[in-house]
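Thanks for asking me to look over this model.

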Amino acid sequence: MDTHTVDAVDVSPSGPEEETPWLTAREQRLWRAHLEVAKLLDYQLGRELQPHNLAINDYEILVVLSEAPERRMRMTDLATATLQSKSRLSHQITRMETAGLVLRQECPGDRRGLYAHLTEQGWATMQKAAPDHVRSVRAHFIDRFTPEQLDAMYEALAPVAEHLRGLRGRS
């Protein structure tokens, strides 16, 4: 159960909780549907990448690196782009290095900086996985909506994404 919402039960507020703007039944229904869809979609897309020996986070890193100039990116920028901590990304890159998908390289002029560089094997793996992944995204998400619903979903989600991007890095 999501700890940030409460079931439709009688919650008797006292103290500072009196000011808590509890979710209405309508709002809670939307919030829980969002959580369920996000988790189920992530699970399904990850499951369908398994034949390529990729996790969903691996695939995301391959895509981000494939779109970067020279197919490489500073580790700190890659962590930001993939919404991962530097520590988590470092472990992930280590696993991907072992699989031959990426390579760490020193940054010229910055002894402490490192690049993650997409290898030819990583590029080939992404090219093989991409058509299957796109078909999965289409089948499990995009094709569930009419063109009008797609536009409405984007219009609804874009301001939330913009708000949350603005909060990145704040304590």
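The points below go from the overall fold to one helix and then to one helix pair.

1. A word on the basis: this is a predicted model, where local features need pLDDT of at least 70, side-chain atom pairs count only at pLDDT 80 or more, and totals for chains, interfaces and linings use all residues. Residues are numbered from 1 along each chain as its sequence is written, and side-chain values use heavy atoms, leaving out hydrogens and water.

2. The protein has six helices and three strands (DSSP runs, H or I of at least four residues and E of at least two, numbered from the N terminus). Their order along the sequence is α-α-β-α-α-β-β-α-α.

3. Of the 171 residues, 26% are buried (under 20% relative accessible area, 1.4 Å probe, protein chains only). Among contacts (heavy atoms within 4.5 Å) with a separation of 6 or more, 49% join residues 24 or more positions apart.

4. Helix H1 covers residues 25-49 and spans 36 Å between its first and last C-alpha, close to the 36 Å expected at 1.5 Å a residue (1.5 Å times one less than the number of residues). Its buried residues include Leu-41, Leu-45 and Leu-49. Helices H2 (56-67) and H5 (120-140) are among what covers the buried residues of H1.

5. H2 packs with helix H4 (residues 86-98) at about 85°, their axes 11 Å apart (lines fitted to C-alpha atoms over the stretch in contact, with angles from 0 to 180 degrees between N-to-C directions). H2 is therefore roughly perpendicular to H4 (65 to 115 degrees). Ile-61 and Leu-62 of H2 and Ile-93 and Met-96 of H4 are among the residues making the contact.

Key. Buried < 20%, exposed > 50% of the residue type's maximum accessible area, 1.4 Å probe, protein only. Parallel < 35°, antiparallel > 145°, perpendicular 65-115°, else oblique.
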